[in-house]
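Please consider the model displayed here together with its sequence. An account in running paragraphs accompanies it.

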Amino acid sequence: MRHVPAAAFGNEGMGMSLPVIDLSSHEDAATSPGSEVERKEIAGRSPTRIAFDRLRKDPVAVICVVVILFFIVVAVFAPLLEKLFGVSTDTVLASTRVDLVTGLPKIGPPNHGFDPDHPFGVAPGDGTDNLAVWIEGCRTSLYLATVATVGSTAIGIVLGLLAGFLGGIVDTIISFFIDLFLTFPFLLAALSVAPILNERYATEPDKLAVVSFYVLVAILVFFGWMTVARLVRGEALALREREFVKAARVIGVPTWQVLFKEILPNLLAPIIVSISLGLPTFVALEAGLSYLGIGVTGRESWGVTINAATKYWETYPQYLLEPVLGIAILVVALNLLGDAVRDAFDPKTRR
Amino acid sequence: MRRKKALVAGISAAALALTLAACGGSGGGDDKSDGFTNVEGAGGKNPDAKGPAPEVPGAKTGGDITVLAPDPDDGPTSLDPAGLWSVTDNAIAQDLLFRSLTTWQQDPDTGEYTLVPDLATDLGTPNSDFTEWKFTLKDGIKWENGDPVTAEEVKFGMERSFDADTFATGPGTSYSKPYFLGGDKYNGPYASGAKDFPAIQVDGNTLTLKMAKPFPEMDYYGIFPAMGPVPLDAKAPDYGLKPLSTGPYKIQSYEPNQKLVLVKNDQWDPATDPARHQYADTFTFEFGGDPTVAAKTVESDSGSTTLVTNVEGQDYTAAKQAGNDQNMIVGPQPCTSFVMPNYDKVKELQVRQALAFAYPYEDVWSAAGELPGVTRANGVTDDTLGFGLLPPGMAGRKAWNPEIDGETIQYDPEHAKQLLKEAGYDPGEYEVSFVYDATTPQGKAGAEQRKLGYEKSGFSVKMYPYTAGSLYDVWTDPNNKLYKKINLLGTAWCQDWPSPATFLPPILETGAAYNTGNFSESSVDDQMNEIRTLPVDQQADAWGELEQKVMTDYQPVINVGYYQGIFGVGSGIGGFNNDTTVGGAPDYRTTYVK
């Protein structure tokens, strides 16, 4: 849940990048006829632009982007892909695909050759197609992680900006809540909410599936916004004393405009970093919670498959490896990309 | 009536039998057959058996035995004699800790179990119509602290079984209260205003039990720890945490649902005990562990003196494929799992019959992690087993496998549709609904198969996931909000002793707690009462005939599998037996370390 690297970076890095940002955000103010051409050449590249240029040249980042794009394509075009491969998550009679004596598939791995109808094989026991479940699981993971990241980041930005910029009593209250939420044990909350929901929607399984998904998102957001809020608050505290902000306030720019037009653009880098490092955390959390049986219900999930597959590790290792590799590759790619993004934005690494 | 603890099983619940099952012994140590083993017939009685128990050939003393009872079996919550009514817990209590009026003795040569006196000098003396029983207690029986066991303490122990509030999970609700004179109104010695209970009288060393109706099987009921002594100063709720032992072992430490360590009880006198032994130095029970870890322990033989009470199907398959299954033994459990249509809601016989053809038996078992023909079986895997109520091996049982509309029961959607049509329903018109155990992927997968089978057979299906606890919470509670939504319920039942009288009434009698389908036909109730008054030697066959008639005329339940368990037995363990008298558990009495 904690994005320590991003927070650490934000605090130490911003001071040095500020002059450049000043230039980009206040081009009109920074005109000086004699050296205009010169300055334009330096100022022509915003820090974001510089960072992206650096990212493009980083082979690790490029590979990670390709990998992540692959997962995104799988998630977005899941129904199309399933059609393309001719697979589906529909239940079939177990005996049509599974050898009833052993409970293992009678087509495809582990005891038979590759089966083009089921490229990932079928599940032992009930014979559901593994590829279809994998694709749907990828969709669940990415969708949930994205929604949770966007939600927690948005809340974190708003509260962090308010606390840092307004200060005083507002800061005290928001900081108090940040500390309060940081002390809540996240797992305990997730564990206790699941049975309450199950009880409430026991007689409406269709609703339960939808509600449980968004409640899981809500729990992740609920316990995920604090680090972003702290990061943003710290930055806003420093920025609000800078000349361009003071100038804006002196000429009577409304507070919201100062917040979102003057301060926020300068926070872009740490926020992007925190997003890129938050995504993999949520992917892993979703799988973990599903493994524990308190994750999403009524949807396929890698965590659920892993839970079912651990018992078959010896007789049917592919069944366990597919979701495990899915999660591992996605999380590693997201993390490495997050690191690369941080390095790219970090002026200390600029030479 | 031992109910099985809800697992994921085919029916979606049911697994560890809670029932003192008593079926003839079988499944000896070298029984390695893979198919569904038939249980031997019920053992006889031997009122003259005397201690010490017959020696197990090759048995040695000494050594420490570890017993793993893996998840979902979480072992005893309390070891109070009055509350014990589950396969795992009773096996431990009856074999090692608590002596009672009677018990089972195993013949080391044939493996057969015989009912023998334990605390009593014989199997009791009934009067002519079985409404009064006299048991005389042996002298020289001692508690683990050296105090003698008195008849007053046995009376006190038996009285406690009437306390349906404190010991709701005990056998007293099914046998003490209905059969003993005035038992329906008596609530045990702890109830406020409790007076002396006149149905149990003590005269010196003799107990006289008065019954409200004929109870010819009181001697069998005597095997329960609830029919044994409890110190007069025992407190109701706490006694089960540190009960005093009368058997060959006593408790060294006990953490409920976690761990139980037993050491030898030096006050136990083998000369008074015709059934138990004291071979190993200690027994250590660990409950609720990881099933795969337990299976691996015996498969690799890393725990050579380890017993595992239940190996899961996929672990068994893995061991078999690796050629490492020599430490795994398949043994029968006298239990049957049922789907029970709510008799008030599913009124048409043809619909209930259609449900029997709509259930994809083997597919559900496979998806739920069971091995068809190994851990679950019925007429689908073996014609001779049939689809009746009584499990194989029960006295008086005849396999029920009739033709319904020209076809014997199997998964056949077309035939189910035809039966539905005869009942006046087009495909999709009739809705069935059930709950399933959603706490494991296997529970869900089994339910999905079941749903598919029903749908292909022309039913429309609603299924509800349940994660809050045992499915019995829903099935046995008419006020549960899910109970009101569903019309298919279930039960998995095991015998208490090898008599259909412990099986048919709990499932078929009006108002019985585990008659979850509310089956109620006054003619069937009358017939059950009639059978109870028949001469003892005719009862078994009469029950068998009643089963055939009820299944044919009403099909009140759908048999979704008889049980068989897989045990793990380390190479250093000798004298292993599958004790079917408690519903299929290792027989700790005969087990020793090689």
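Predicted model: local features only at pLDDT ≥ 70, side-chain atom pairs only at ≥ 80, totals over all residues.

Residues are numbered from 1 along each chain as its sequence is written, and chains are lettered from A and ligands numbered from 1 in the order in which they are written.

The model scores ipTM 0.79 and pTM 0.82. Within chain B, confidence is highest in strand β12 (residues 259–264), at a mean of 96, and lowest in strand β2 (residues 16–17), at 33. Helices (H or I, at least four residues) and strands (E, at least two) are DSSP runs, numbered from the N terminus. The pLDDT is below 50 over residues 5–35 of chain B, a stretch that has 166 contacts in the model beyond near neighbours in sequence. Two residues are in contact if their C-beta atoms, placed from the backbone, lie within 7 Å. Residues 37–42 of chain B also have pLDDT below 50, with 29 contacts beyond near neighbours in sequence.

Chain A contains 16 helices and zero strands. Of its 351 residues, 42% are buried; a residue is buried if 20 or more other C-beta atoms lie within 10 Å of its own, exposed if 12 or fewer, and partly exposed in between, with C-beta atoms placed from the backbone. Among the contacts in chain A with a separation of 6 or more, 74% join residues 24 or more positions apart. An unreviewed UniProt entry annotates residues 138–338 of chain A as "domain: ABC transmembrane type-1"; such annotations may be inferred rather than shown by experiment, and the positions are given in the numbering used here, with feature names shortened. Over residues 138–338, chain A is 82% helix and 0% strand, and the end C-alpha atoms are 20 Å apart.

Helix α11 of chain A (residues 225–239) has 12 of its 15 residues buried, including Trp225(A), Met226(A) and Leu239(A). Its 15 residues should span 21 Å at 1.5 Å a residue, which agrees with the 21 Å between its end C-alpha atoms; the expected span is 1.5 Å times one less than the number of residues.

The contact between the chains takes 26 residues from chain A and 28 residues from chain B. On the side of chain B that touches chain A, α6 (313–321), α8 (361–367), α10 (441–456) and β20 (459–466) each supply at least two residues. Of these, α10(B) gives the most, with six residues.

Leaving aside neighbours within four places in sequence, the contacts of Phe283(B) include Ile65(B), Leu96(B) and Tyr588(B).

Finally, Ala399(B) is found in the loop between β16 (376–377) and β17 (403–404) of chain B. Ala399(B) counts as partly exposed because it has 17 C-beta neighbours inside 10 Å. Beyond neighbours within four places in sequence, Ala399(B) is in contact with Thr384(B), Leu385(B), Gly386(B) and Gly388(B).

Notes: pLDDT = per-residue confidence, 0-100.
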